[in-house]
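Thanks for coming. I will go through a few local features, one at a time, with the picture up.

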Amino acid sequence: MDNRIDWEDLQTVLAVAEAGSLAGAARRLGVNHTTVLRRIGGFEQRLGLRLFDRLPAGYALTAGGEELAAAARGMAATVEALERRLAGQDLRLEGTLRVATADTLTASVLPPLLAQFRELHPGIVIEVTTANLMANLTRRDADVAIRPVLDPPETLVGRRVAGIAFAAYTATSHPAARAGTVDPAAHPWVAPDDSLAGTSVARWMRRALPEATIALRADSLVEVCRAARAGIGLAALPCYLGDATEGLVRIATPTVPEDAALWVLTHEDLRRTARVSAFTEFMAAALARRRDLLEGRRPAVAG
């Protein structure tokens with residue numbers, strides 16, 4: 001038995017534990033399925049300890065694996081904190097900047113702003129993800145988050161840019177677009193699915209339209225928008241997306257929930273990194289200038 005522990009082995013164990021499968025761990029680590037299987041098998045053999053139970057539903061940690069994984073998480077947190085502090089001392093306006101945001105923003109207001117930022121700072125390479133990585137800013141999966149947030153985590157710092165309004169939209173070809181007054185109950189709707197149950201749009205639909213006829217559900221508000229534009233049904237959308245989408249018209253007065261706001265956030269340890277500071281200051285100011293769009297202050301077509 002060889003009790004030596006390699007950090008790469010610990011990262012592999014954590015990836016499998018969090019993903020619950022070899023395939024999921026391989027995607028996280030950027031390697032193939034066979035590599036993960038070989039690393040786990042070799043690590044178990046060197047330790048003389050089974051770390052995972054191979055179950056039909058996936059990989060589950062054994063008692064020994066849980067103990068190892070708990071220690072590995074503590075080590076990972078220490079390494080990540082050190083990486084953030086070191087990155088926070090970087091004064092160069094160059095390098096990679098990872099931005100976590102919402103797909104509704106990348107489909108509307110963000111692309112031209114990213115282009116403007118790149119013109120100002122061509123040495124910074126921007127990586128954008130629309131995965132839900134708010135909690136993982138501490139793990140440096142992203143450097144900055146631009147997201148509609150109900151309550152930013154205490155570990156993050158940043159600026160509230162604007163409220164987020166949403167309204168009902170329909171395709172320009174839909175009968176509701178030509179009606180003087182729209183009865184929401186008289187038309188089918190396109191709705192977010194259960195994965196988006198916590199969004200302001202989903203909460204509003206449950207409260208205001210409990211008996212609505214649902215023609216289609218989607219796991220992305222961008223897909224909801226596309227389905228509405230195709231005429232499948234009415235849709236509640238953020239005004240910054242609905243108003244920017246050709247082929248859609250607004251048919252109701254916007255709603256601005258008190259708890260919905262757009263934030264530009266980063267981790268305390270990264271806020272003084274030159275590229276992070278430049279990006280957050282630029283983006284907060286640029287988005288603030290678009291507050292009318294974000295808060296829906298445009299006239300509705302009907303209703």
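Serine 195 is exposed, because its relative accessible area is 55% and anything over 50% counts as exposed. Keep in mind that this is a predicted model. As for where to find it, serine 195 sits in the loop that runs between β8 (189-192) and α8 (200-208). Along the sequence, serine 195 and serine 220 are 25 residues apart, and in space their C-alpha atoms are 8.7 Å apart.

Helix α1 covers residues 7-19 and helix α2 covers residues 22-29; their axes come within 8 Å and cross at roughly 125 degrees. So α1 is oblique to α2. The crossing of α1 past α2 is right-handed.

Which residues in α1 and α2 meet? From α1 there are Gln11, Thr12, Ala15, Val16, Glu18 and Ala19, and from α2 there are Leu22, Gly24, Ala25, Arg28 and Leu29. Sorted by class, this contact of α1 with α2 has six nonpolar residues, three polar ones and two charged ones.

Last, a pair of strands. Strand β1 is residues 52-55, strand β2 is residues 58-61, and the two pair in the antiparallel sense. How many bridges does that pairing run over? The count is four. For one example, arginine 54 has tyrosine 59 in β2 as its bridge partner.

How values were computed
Residues numbered from 1 in each chain as written. Predicted model: local features only at pLDDT ≥ 70, side-chain atom pairs only at ≥ 80, totals over all residues. Heavy atoms only, no water. Axes fitted to C-alpha atoms, helices over the stretch in contact; angles between N-to-C directions. Parallel < 35°, antiparallel > 145°, perpendicular 65-115°, else oblique. Left-handed = near helix turned anticlockwise from the far one by under 90°. Contact = heavy atoms within 4.5 Å. Nonpolar A, V, L, I, M, F, W, Y, C, P; charged D, E, K, R; others polar. Pairing = 2+ DSSP bridges. Buried < 20%, exposed > 50% of the residue type's maximum accessible area, 1.4 Å probe, protein only.
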